[in-house]
Amino acid sequence: MQLKTARGRLFLFILLLLVFPLLNHHYKIIKSAALNNVGLKEKPFFSLKRWWEGSYQSDLGDYFNDVVGFREDMIRFNNQLDFTFFNKINSGGVLEGGHSNLFYSDYIEAYCGTDYAGDNYPLNDLFKMKKVQDTLERLGKLFVFVHAGSKASYYAEDIPKDLPCNSAGKTNLKNYERISDSLGIHYIDFNSWFVSLKGKTPHPLFNKQGIHWSMYGALFAIDSLIKYIELRRSIHMAHPKWSEIEYSYKARRSEDDMEKVINLIFPVDTSAYWYPKWHYDDSAGFTKPKVIYIGDSFGWTFVHDGIMNSDSDAYYWYYFRDVWRKEDWEERAVSHDMSTYDWRGVLHDADCVVMMYTASQLVRSSTTFIDSAYKYYYPNKQF
């Protein structure tokens, strides 16, 4: 075939298109940006047994499919086409609502009550929580259960209209609060508070592209929580302070975490992000209690925005699974595994225990610590 002809040049161009991804895989001519929230297959190990079974060949094919050159770019291109022309998001659980607002389905289900676990579901858990709270109080410690804000509640008007939703009906959060009130459990409802603040703050407390409260919103919650601890323990603690807020069209940290996981080429929305220039007054005269924070991913914003600056020997027990201390986070150290960790000793030395979960986690993860603490304090009593 003559390369001087149009047919020959077209053949060469197509051949290069087919070969270049393989060349790029081996020689890294062009480096593609990694995908978010997408796991990659590891290169399988070879054994005669796995070869004869056929599992090695299958796993090797999956591995090469994941590492082929320009795979990340092709996935982004395909995702962008689906999103732009068919309003389709290729990421499990992420939905686009009104005004280009992104939601996770779990939070919508919690707001709408479609994940309702029943009237009696939380009774045993909350009875245990009350017993643990009373025990900690007798030991001179403060316990408080915090209901973190929910974007689905804050932007309820933007929830996709085709989803079944009865926000006035029964929800797990309403049930928790009803029973907590009757039992005398100490809790803070940031979810309702944030909804009541909507339109009354200079800037929104949630971003359209993220699932968690914004840095701006988190500082409102942090300041309120510190005031609660101060009141209950009759102490004076350092608060986050800011006099200036800067805006940016580039998100920081996890402010656009939902937009990242859908792996598009272009942004879903171009709204500005608002960032207070905050600091903590570290002068003398403040009390720094020993606080243990337990919760889901909403707690990371608290850690990022420095609530631990108001405490001494502060810990973050992520899902009561991983343990982080302030110095661990600052030094990017490896967390500690709860299974081999002396959490009972740390609990004994603490002044305050703050549990914080979103409504979507109430039937999933919110009582792991309570179960363990109840068994520790009441080993021979079971509900």
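A residue is called buried when its relative accessible area is under 20%, exposed when that area is over 50%, and partly exposed in between, with a 1.4 Å probe and protein chains only. The model is predicted, so that local features need pLDDT of at least 70 and side-chain atom pairs count only at pLDDT 80 or more, while totals for chains, interfaces and linings use all residues. Residues are numbered from 1 along each chain as its sequence is written, and side-chain values use heavy atoms, with hydrogens and water left out.

**Exercise 1.** Decide whether Glu137 is buried, partly exposed or exposed, and find its salt-bridge partner.

*Solution.* Begin with the accessibility: Glu137 counts as partly exposed because its relative accessibility is 31%. Next, recall that a salt bridge needs a side-chain nitrogen of Lys or Arg within 4 Å of a carboxyl oxygen of Asp or Glu. Finally, Arg232 is itself partly exposed, because its relative accessibility is 34%.

**Exercise 2.** Work out which helices are linked by the salt bridge between Lys128 and Asp371, and classify both residues.

*Solution.* The side chains of Lys128 and Asp371 meet in a salt bridge at 3.4 Å, N to O. This pair also links distant parts of the chain, with Lys128 in helix α6 (residues 123-138) and Asp371 in helix α15 (residues 368-377), 243 residues apart. Lys128 counts as buried because its relative accessibility is 15%, whereas Asp371, with a relative accessible area of 25%, is partly exposed.

**Exercise 3.** Find what surrounds the buried residue Glu259, and state how far away the nearest side chain of opposite charge is.

*Solution.* First locate Glu259, which is found in helix α11 (residues 257-261). Then look for a partner of opposite charge, where Lys and Arg count as positive and Asp and Glu as negative, His and the chain ends not being counted. Last, leaving aside neighbours within four places in sequence, Glu259 is in contact (heavy atoms within 4.5 Å) with Leu102, Gln209, Pro267, Val268 and Asp269.

Terms used
Helix = DSSP H or I, 4+ residues; strand = E, 2+ residues; numbered from the N terminus.
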